[in-house]
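This briefing goes through a structure by topic. Please have the sequence and the model open while reading.

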Amino acid sequence: MALNPKAYLAADLLAKTILKKPTRDGYGDGVVEAGKKNPNVVVCCADLTESTRSLAFKKAFPERFVQFGVSEQSLAAVAAGMAMAGKVPFISSYAMFSPGRNWEMIRTNIALNNVNVKIMGAHAGVSVGPDGATHQAVEDMAITRVIPRMTVIAPCDMHETRKATIAAATLAGPVYVRFAREKTPVFTTNKTPFKIGRAETFRFGKHATIVACGPLVHTALLAAEVLAKKGIDCEVIDNHTVKPMDARTILASARKTRRVVTVEEHQVHGGMGSRVAEILAASLPVPMEFVGMQDRFGESGNPEELIEHFGMGVSAVIAAVRKVMKRK
Amino acid sequence: MAHAHDKEIARLEEIANDIRKSIIEMLLAAGSGHSAGPLGMADFFAAMYFHVLHHNPKKPHWEERDRLILSNGHICPGRYAAMAHAGYFPKKELLTLRKFGTRLQGHPERERLPGVETTSGPLGAGLAQSAGLAYAARLDGKKWRTYCLTSDGEQEAGLHWEAALFAGKYRLANLTAFVDRNNIQIDGMTEDIMPIEPLRAKWEAFNWHVIDCDGNNMQAIIDAVHEAKAIVEKPTVIILHNIPGRGVSFMEGKFEWHGMPPNAEQAAIALRELRTLGGRIRAEHE
Ligand SMILES: Cc1ncc(C[n+]2csc(CCOP(=O)(O)OP(=O)(O)O)c2C)c(N)n1
Ligand SMILES: [Mg+2]
């Protein structure tokens, strides 16, 4: 087992019985902690208080909870105003509507103004499931990472989402954190290091590098385990900060393995993998494969079957590694 | 005002009840989805598909058809059920709702199911598309009308009111909007979450003709649509005051049923209530 001992991953990492919880739960816990530390933290929500998990904050600090109704555009713009007056607003909705519907308010009123608003996007990815394509945000990282000054984070499990939420509160400037609806493995621990802008190597390997973000980091680890049994040794990087991306860690790994596969629950066009490609193309062009949504919309179904159908499951990661290994 | 015959009203009420039963069966089979909204609007869907709309279920792309835009896409089980009962597709397909590969997506998609007209789910965008349809129809001198159902939660969205301004400015009398005024949204009652009253005065201020209507009264719905057609100088909005979850006692009026399907036991109770019309008649198969 080539797991990084300093990553302090859960002992039952690969077990089928591993505890599963939605990453949004980590936001709920984290934003309450952020609220305890900083009295200026306010939570703004647009008629999705329970499902985004902003409810925990509403219960802890009712006087600092602001309800907008179905008004995501004012959610972003009002929050910008609050931030100008010294507040640290966390705005929460589904990723499709924030940063989807209200993108230009985020770009201009928040980022161009350089004010301290944290955009918390729930229900990202096709794993939203039966609600279908209209609610499955698979473009959110592309539209946020393209905005100057924006920090973009896609945490891999509940613990990491909690840490990202707390860290976002202390970082000056706009931050986007995406999280998911579905329960996914809780495979990091309280001790797993987390720092915005620093990718964590979860598994060491020498044949190929898998750079993943979000709950699919766990999928990448499962794929690496299968491949290891076939003699292919993969490095697995938890690349949670999509912007600013940790070029050093990625380049160091690519220099070693000379082969890179990116894995994300997002359009491959403009997503995390695109940024990895930009970094590698600039100084270390190596063969790459991209696991993610291949320029398609999602659809209704249960989360597992959609992940499989759109080629983002364990078998798809294995196939991508095999393919990249064959390339020169 | 044109009154439909009592017999016609009774027929439509029976269809509305069948739509409600289908909604319960669909949601039970899907295991997720929205209960309150579709049940509250079952009378509306029955009125539209079986009395108001000029349409041909066998030719969903017929150019002269009236357009019905469902802006609050999450209540699509009501629309799907009405469409199946009207003959757009087999009723047994209703049980594929929200499942992988289905044409009946969790939120309706124009590219998948002929007859749904537009993709919806993200709230507040239906009225603008309806205004575009109505504007284009008038440019071409077409007789077909555009109807758009919006929810009361959508009255909180900016885009929706931009469209209201547009339709008011251009006096789109061939456009009729409806508001599913059931007083609920996800987090609670609309007047607690984001008050939208006085709603009538808002629409009047945007240069619309406004009709308040009992949205669970078939005759009232049909009369209101007739009135809207008679107003030729501005667009009309019909505020359908209705009870969310209508027809299922334990769902009625409860925002908690916004996005929850019944479990098997609840579905059985719901279907029994619908079969007996809330105990007013005896079920045939008890
Ligand atoms: C733009 C947008 N924001 C948020 C949502 C999530 N959402 C879906 S339904 C809904 C409640 C809106 O209230 P209403 O349509 O009146 O619901 P109902 O009466 O059917 O319970 C919300 C906030 C959405 N679909 N679209
Ligand atoms: Mg409502």
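Where in chain A does Asp295(A) lie? Asp295(A) is in the loop between β14 and α12 (303–309) of chain A; helices (H or I, at least four residues) and strands (E, at least two) are DSSP runs, numbered from the N terminus.

This is a predicted model, in which local features need pLDDT of at least 70 and side-chain atom pairs count only at pLDDT 80 or more, while totals for chains, interfaces and linings use all residues. Residues are numbered from 1 along each chain as its sequence is written, chains are lettered from A and ligands numbered from 1 in the order in which they are written, and side-chain values use heavy atoms, with hydrogens and water left out.

**Seven-stranded sheet of chain A**

- Seven strands of chain A form an open sheet with mixed pairing, in the order β3-β2-β4-β5-β7-β6-β12; two strands pair if DSSP finds at least two bridges between them.
- At its edges are β3 (65–67) and β12 (241–243) of chain A, each of which pairs on one side only.
- Neighbouring strands of this sheet are turned by 20° against each other on average, direction ignored. Axes here are lines fitted to C-alpha atoms, for helices over the stretch in contact, and angles run from 0 to 180 degrees between N-to-C directions.
- Strand β2 (residues 41–45) of chain A runs parallel to β3(A) and is joined to it by three bridges. Cys44(A) has Val66(A) as its bridge partner in β3(A).
- Helix α4 (residues 72–84) of chain A packs on the sheet, where it touches β2, β3 and β4 of chain A; contact means heavy atoms within 4.5 Å. The direction of α4 makes about 170° with that of β4(A).
- Helix α1 (residues 23–37) of chain A lies across β2, β4 (88–94) and β5 (118–122) of chain A, at about 140° to β2(A).

**Five-stranded sheet of chain A**

- An open sheet of five strands in chain A has the order β9-β11-β10-β13-β14, and its pairing is mixed.
- The edge strands are β9 (200–203) and β14 (288–293) of chain A, each pairing on one side only.
- From one strand to the next, the twist averages 25°.
- β9(A) and strand β11 (residues 234–238) of chain A run antiparallel and are joined by three bridges. Thr201(A) stands opposite Ile237(A) in β11(A).
- Helix α10 (residues 247–257) of chain A lies across β9, β10 (208–212), β11 and β13 (260–267) of chain A, running at about 155° to β10(A).

- Asp152(B) lies in the loop between β2 (146–151) and α6 (158–169) of chain B, and Ile184(B) in the loop between β3 (175–181) and α7 (190–193) of chain B, so the pair ties together parts that are 32 residues apart in sequence.
- Asp152(B) is buried, with a relative accessible area of 1%, and Ile184(B) is buried at 6%. Buried means under 20% relative accessible area, exposed over 50%, and partly exposed in between (1.4 Å probe, protein chains only).

**Interface between chains A and B**

- Contacts link 24 residues of chain A with 26 residues of chain B.
- About 1900 Å² is buried between the two chains, and carbon and sulfur atoms give 50% of this. Buried area is the accessible area (1.4 Å probe) that two parts lose on being put together, summed over both.
- Asp47(A), Val70(A) and Arg101(A) supply 28% of the area that chain A buries against chain B, more than any other three residues.
- Two salt bridges are counted between chain A and chain B; a salt bridge is a side-chain nitrogen of Lys or Arg within 4 Å of a carboxyl oxygen of Asp or Glu.
- Arg112(B) forms a salt bridge with Glu299(A), with the closest N and O atoms 3.9 Å apart.

**Backbone details**

- The peptide bond from Ser98(A) to Pro99(A) is cis, with omega near 20°; Pro99(A) is in helix α5 (residues 96–101) of chain A.
- Glu197(B) and Pro198(B) are joined by a cis peptide bond with omega of about 0°. Pro198(B) lies in the loop between α7 and α8 (199–205) of chain B.
- Asp295(A) is not a glycine, yet has a positive phi of about 60°, and Asp295(A) is exposed, with a relative accessible area of 56%.
- Asn183(B), also not a glycine, has a positive phi of about 70°. Asn183(B) is found in the loop between β3 and α7 of chain B and is partly exposed, with a relative accessible area of 30%.
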